[in-house]
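Please read them with the structure open.

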Amino acid sequence: MKRQIIDRIVGRLTFIPAFAASLLLIVMTGVLCIRSQEILLNQSLPTLLFSSVWQPMAGKFGFLPFIAGTVWVTFVAMALSIPISLFSAIYLSQYAHRRIKATVQPLIDLLAGIPSIVFGLFGVLLLVPLVKDLIAPAFHISTSGYCVLTGGLVLAIMVVPLITSIAFEVLTAVPEDMRIASLAMGANRWETVKYVVFRKAFPGIVAAVVLGFSRAFGETMAVLMVVGNVAKIPSSLFDPAYPIPALIANNYGEMMSIPLYDSALMFAALLLLVVVVIFNIIANIVLIRVKRGIS
Amino acid sequence: MAGKPITISHLNVRIGDRNILKDISVSIPPNKITAIIGPSGCGKSTMLKCMNRMIDLVEEIDIEGDVHIDGENIYGSGIDVSLLRKKVGMIAQTPNPLPMSIYDNIAYGPRIHGQRKRTDLDEIVERCLNTVGLWSEVKERLEDPAAKLSIGQQQRLCLARALAVQPEVLLCDEVTSSLDPVSAKHIETELSSLKNDYTIVFVTHILRQAKRLADYVIFLYLGELVEYGPANEVFFHPKDPRTAAYIEGVFG
């Protein structure tokens, strides 16, 4: 009798944190909505999103430069990191010898856990000069090195271990039976990866990429240190950019004397939140579709 | 179509310092069913995997000796393992359909080996599913995921998939052990009708099954080939006391 009561109590108690966690998202969205109301009442949504005039003193808050900065940097990071991560995950899970796997895999996991400020410093010390003195001159372009490309590189370096690590788990989780079935039919390892392993692991790969995207999209510190932070729409990889998270981090608490600034930053935060949520929802829809197709 | 003979000579397999197979030499005749029997852990599956080199997947394995299939040493240099496995099909202990449709499962092998024409593939799929008696059961839902079939149907699908690349040898690793009795019966019937066209080697730990199906029997014990001969002789007049003991059920 007592055991049943304990079981019931545990059931009720564990419900609370689980419920609180999901409630938190709603509360956060709510707070951000309320706090950004002021700016939304003052300026129309299209102006906020599509105007590139950023003159807080004049009360003009056009977010386009920041949105463009975020999109550029995230795009560069994902374009670099998706192929690199997937290939390294394929190598580690399908080709690597046991000993190589045992050495490389923990290192990658470790890399995934390093604080972002370390990557930022690494970016300033190594990548900024690299882009300034080596990569840009190769294209006959002069740049300070603090630009979209450097931001994208730093982000890619941060995101690669994350995607690799999850993709590796996902690929390893594909039942050995299936690989054996394919190999026993005379398929080689690459054909087996291409037609069987990847197909089976696809939903998990999508999840890995979405996680990588969310991390890249919202990453603040490391990008802020190398991307230049100029509120102008970048027109090339070697132009500086000013992504939304950097805008918030640099200015929140500092520029509060300017009217509406506080509300504008809240709106920027809301924007980040909404995009990540939408992206996750889309990814989930894809996952459900894909799973229905192959299970 | 005709099966091909398999000749194994002085086959030794070691993993680390464990001797899995010890100096195995045997000739497996074409177009017959040869059963490999013996207690668990005696090396039955390992021996089977040596015949299509799936044993290569085991890391730190050490193989000595020769396996000739149709006169060709499959451990010789310049052997294309992909082609070898096309010639030597394998059916696993638990059904392992690929994560794709019923049709694509059968078409997988032919496609890998270069068959692309839809009409040819259609014909292969129908013929192979017919051979294993699955066609009438699945012809309306060839595009359904193979995983939706019952376990018994999945195993027949795997047999059909192996047949799709027109192998010469079929290796079967306790293929009925995860099936219900009716499905197991199905597979047995299909195997005995297939021996006209293929050399069949199957591993089993069920003696009655070996008695029902096998023309020849290999008895392995602790990695050693203890006895080999026509099924009747091995079962009814075993020469080695260990074979006799196993057949009488002294150890199992």
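1. Conventions. This is a predicted model, in which local features need pLDDT of at least 70 and side-chain atom pairs count only at pLDDT 80 or more, while totals for chains, interfaces and linings use all residues. Residues are numbered from 1 along each chain as its sequence is written, chains are lettered from A and ligands numbered from 1 in the order in which they are written, and side-chain values use heavy atoms, with hydrogens and water left out.

2. Chain A overall. Chain A has 11 helices and two strands; helices (H or I, at least four residues) and strands (E, at least two) are DSSP runs, numbered from the N terminus. Their order from the N terminus is α-α-β-β-α-α-α-α-α-α-α-α-α. Along the principal axes, the C-alpha atoms of chain A fill a box of roughly 70 × 70 × 35 Å. Of the 295 residues in chain A, 43% are buried; buried means under 20% relative accessible area, exposed over 50%, and partly exposed in between, with a 1.4 Å probe and protein chains only. Contact means heavy atoms within 4.5 Å. Among contacts in chain A between residues at least 6 apart in sequence, 72% join residues at least 24 apart.

3. Helix α3 against α8. In chain A, helix α3 (residues 64-95) and helix α8 (residues 189-218) pack at about 145°, with axes 10 Å apart. Axes are lines fitted to C-alpha atoms, for helices over the stretch in contact, and angles run from 0 to 180 degrees between N-to-C directions. The residues in this contact include A:T70, A:M78 and A:I90 of α3(A), and A:W190, A:F198 and A:F213 of α8(A). By class, the contact has 14 nonpolar, four polar and one charged residue; Ala, Val, Leu, Ile, Met, Phe, Trp, Tyr, Cys and Pro count as nonpolar, Asp, Glu, Lys and Arg as charged, and the others, Gly among them, as polar.

4. Helix α3 against α4. The axes of α3(A) and α4(A) come within 10 Å and cross at roughly 145°. A:Y91, A:L92 and A:S93 of α3(A) meet A:I100, A:K101, A:V104 and A:I108 of α4(A). Five of these residues are nonpolar, one is polar and one is charged.

5. Cores. Which residues have the most contacts inside the largest nonpolar core? That core has 78 residues, and the answer is A:F61, A:F63, A:L171, A:I205, A:L247 and B:Y108. A nonpolar core is a set of buried Ala, Val, Leu, Ile, Met, Phe, Trp, Tyr and Cys residues joined through side-chain atoms within 4.5 Å. Helix α6 (residues 148-172) of chain A gives the largest share, 12 residues. A second, separate core of 50 residues includes B:I124, B:L207, B:L213 and B:I247.

6. A:S182. This residue is found in helix α7 (residues 176-184) of chain A. A:S182 counts as buried because its relative accessibility is 0%. Beyond its neighbours within four places in sequence, A:S182 is in contact with A:A187, A:T192, A:V196, B:L98 and B:Y108.

7. A:P106 and B:T46. A:P106 lies in helix α4 (residues 98-112) of chain A and is partly exposed, with a relative accessible area of 42%. B:T46, in helix α1 (residues 44-50) of chain B, counts as buried at 17% relative accessibility.
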